[in-house]
Amino acid sequence: MGRWLEANGYERGVTLGVLQVAELARAWWQDRLDPDWRPHTREENQAILERVGLVGRFWQLA
Amino acid sequence: MDERDRVRRNRIYAQLVELGRVPTIEETGVDEATLRRLEDEHALVLEPDGSAFRMLAPFSGVPTPYLVEAKGSRWHANCAWDAFGVPAALGVDGHVSATCLDCGDRLEVGVRGGEPTPANLVAHFLLPAERWWADIVFT
């Protein structure tokens, strides 16, 4: 990861294991094709992040 | 988002499933003002000139390094997170093909019941959540 960050001049963010990424994806996207989908509120999205263990300053939504 | 826009948005996503790909704007028949409102609500992302869908997240309207096979179609996703979102949204198993940004290795990941295999891979989130929508394409 360091090579890619350095090559592009990026500061390190947060690295997650693929199991957690997939868990986040299920929670975040699973309703996206529901025929009666409605937008998530910011609070709902923040709760999804928290539910999969993503807490702290980095994961605070705007 | 008002009720009419929500219904239009849901029709666009239904078309995506029916077609097995991101529709063109012409195919949706949705007017530009509505699309701009939906973009302002973060319900979709248009190309800068408004000529096409850049993102119907988690699906991408343009080719990306994240290719997902699911529900009999090959989809492009916007990032690693979205790549797993494609089978999740479709409610099916899938397969993700991607390239490691760091080492260039080809990555092949099966998704069954929402669980990825192999499980020893990682994904890097570059930006903090409060900055995701400042430039969602970069994010």
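**Exercise 1. Classify B:Glu32, then examine its salt bridge with B:Arg36.**

Step 1. B:Glu32 has a relative accessible area of 53%. Exposed means over 50%, buried under 20%, and partly exposed in between (1.4 Å probe, protein chains only). So B:Glu32 is exposed.

Step 2. B:Arg36 has 25% relative accessibility, so this residue counts as partly exposed.

Step 3. The closest N and O atoms of the pair are 3.8 Å apart. A salt bridge needs a side-chain nitrogen of Lys or Arg within 4 Å of a carboxyl oxygen of Asp or Glu.

Step 4. Both residues lie in helix H3 of chain B, 4 residues apart, about one turn of the helix. Helices are DSSP runs (H or I, at least four residues), numbered from the N terminus.

The model is predicted: local features need pLDDT of at least 70, side-chain atom pairs count only at pLDDT 80 or more, and totals for chains, interfaces and linings use all residues. Side-chain values use heavy atoms, without hydrogens and water.

**Exercise 2. Describe the salt bridge between B:Asp5 and B:Arg37.**

Step 1. Their closest N and O atoms are 2.7 Å apart.

Step 2. The pair links distant parts of the chain, 32 residues apart: B:Asp5 sits in helix H1 (residues 3-19) of chain B, B:Arg37 in helix H3 (residues 32-40) of chain B.

Step 3. B:Asp5 has a relative accessible area of 4%, so this residue is buried. B:Arg37, at 36% relative accessibility, counts as partly exposed.

Definitions and conventions
Residues numbered from 1 in each chain as written. Chains lettered and ligands numbered in written order. Helix = DSSP H or I, 4+ residues; strand = E, 2+ residues; numbered from the N terminus.
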